[in-house]
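Dear colleague,

Please find below the sequence and structure that I am handing over to you. My notes on what was found follow directly after.

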Amino acid sequence: MKVGFYGHVRQYHSLKAELDAVIGEVLESGEYVMGPTLARFERELAAYFGMKNAIGVNSGTDALWLAFLALGVGPGDEVITTANTFFATAEAIWITGAKAVFVEIEPATCNIDPNRIEAAITPRTKAIVPVHLYGQMADMRSVSGIAKRHGLFVVEDGAQAIGARGDGFAAGELSDAVCTSFIVQKNLGTFGDGGAVITNREDIVPRIRALRNHGSLKRSYHSMGYNSRLDDLHAGVLGVKLKKIDEWNDRRREIAAMYTDGLKETGLALPFGKPGYRHVYHLYVIETPRRDAMLEFLNDSGVDAKVHYPIPIHRQEGFPWGKPADLDVRLPLTEKSAASVISLPMFPEMTRDEVDHVVGTCRAWAAR
Ligand SMILES: *Cc1c(COP(=O)(O)O)cnc(C)c1O
């Protein structure tokens, strides 16, 4: 049996009539860019988050980048984040001209360790970017407390965590903005790229709206900006899928519970769901010291497991100051995690048989 990592085409088939209809409507309307379908989706997305504003852009990376620019992050500034994340988190910081400063993770969740943030703050620090990795929110109460004490902005990288909640706090509630991604493989994904900034800060909304559209809020009037719009076709698709996101996330949580139940006696380190948090399992990540051998065993047994992320950002070649990587940055917990993580297949359309095959294969590995 083969178990894939994603269920994109199954998801399309499950909503084919509605998706084909909305795509047809947008095509017939002739309004493909900055049209009414985008405006409608932005209202629906803001309502879903329980926030005042959502601004659609062309990727999660640009959502972060434009949020930083709107908050005035730029050359000479430092922005605190983690190295155990997708490259784009740091990339979006670097392309503003600011420097990404990496803080260690809490090993149980792989999210930023709030207890280590204050030691990384300098007079140049401008913002903190917690990443809600794998679908579980970072400890936003602690992060926002630190930010308030030091006068820093907080931008949440929520690309993996749409629909996640903390214990008594929601995404965007304790920060200046939360950014999300709609690339196909995310929990809410379109047929291509997309992203959004969601914020209650009215003052940055016109700036982000202008930045994504050549610095223009009114036809023919421009300031410096970019072209980073969310197309109406994608907005239409996302509007249909947004109605399903809670159901899909519930199914991910169900699959996660089946994995955890099936693997609890294998000795593998399983994901830690913080009490009171709603983890939406963008990824179900286990850890084992024999990672590469186990990954090969899974792949050879038809289980398309993957690794997120084998190379922490401070070890990447493209590190903008110092090449190869800046070896002064010491993040032993981050590196240990990067060397031992495996992501098991996880998508809402997985069948019971597929889940059982993944569990059986992991158990067979552990019993060898
Ligand atoms: C996917 C992702 C991004 C970037 O989103 P894109 O839409 O691919 O640009 C940023 N941060 C994290 C944590 C991600 O998982």
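**Backbone features**

Met34 is located in the loop that runs between helix H2 (16–29) and helix H3 (36–49); helices (H or I, at least four residues) and strands (E, at least two) are DSSP runs, numbered from the N terminus. Although Met34 is not a glycine, its phi is positive, at about 55 degrees. A cis peptide bond, with omega of about 10 degrees, joins His308 and Tyr309. Tyr309 belongs to the loop between helix H10 (291–300) and helix H11 (332–340).

Please note that this is a predicted model, in which local features need pLDDT of at least 70 and side-chain atom pairs count only at pLDDT 80 or more, while totals for chains, interfaces and linings use all residues. Residues are numbered from 1 along each chain as its sequence is written, and side-chain values use heavy atoms, with hydrogens and water left out.

**The ligand**

The ligand is surrounded by 15 residues, each with a heavy atom within 4 Å of it. The closest are Gly60, Thr61, Asp157, Ser181 and Lys186. By type, the shell divides into 5 nonpolar, 8 polar and 2 charged residues. Helix H4 (60–70) and helix H5 (88–94) each contribute at least two residues to this shell.

A polar side-chain atom of Thr61 is 2.4 Å from a ligand oxygen, and one of Ser181 is 2.7 Å from a ligand oxygen. For Gly60, a polar backbone atom lies 2.7 Å from an oxygen of the ligand. On its own the ligand has 380 Å² of accessible area, of which the protein covers 94% (Shrake-Rupley method, 1.4 Å probe).

**Salt bridges**

The model contains 21 salt bridges, each defined as a side-chain nitrogen of Lys or Arg within 4 Å of a carboxyl oxygen of Asp or Glu. One of them pairs Lys126 with Asp77, their closest N and O atoms being 3.9 Å apart. This pair links distant parts of the chain, 49 residues apart: Lys126 is in strand S4 (residues 125–128), and Asp77 is in the loop between H4 and strand S2 (78–81).

Yours sincerely

Technical notes: Polar contact = N/O pair within 3.5 Å; in protein donor to acceptor, adjacent residues only side chain to side chain. Nonpolar A, V, L, I, M, F, W, Y, C, P; charged D, E, K, R; others polar.
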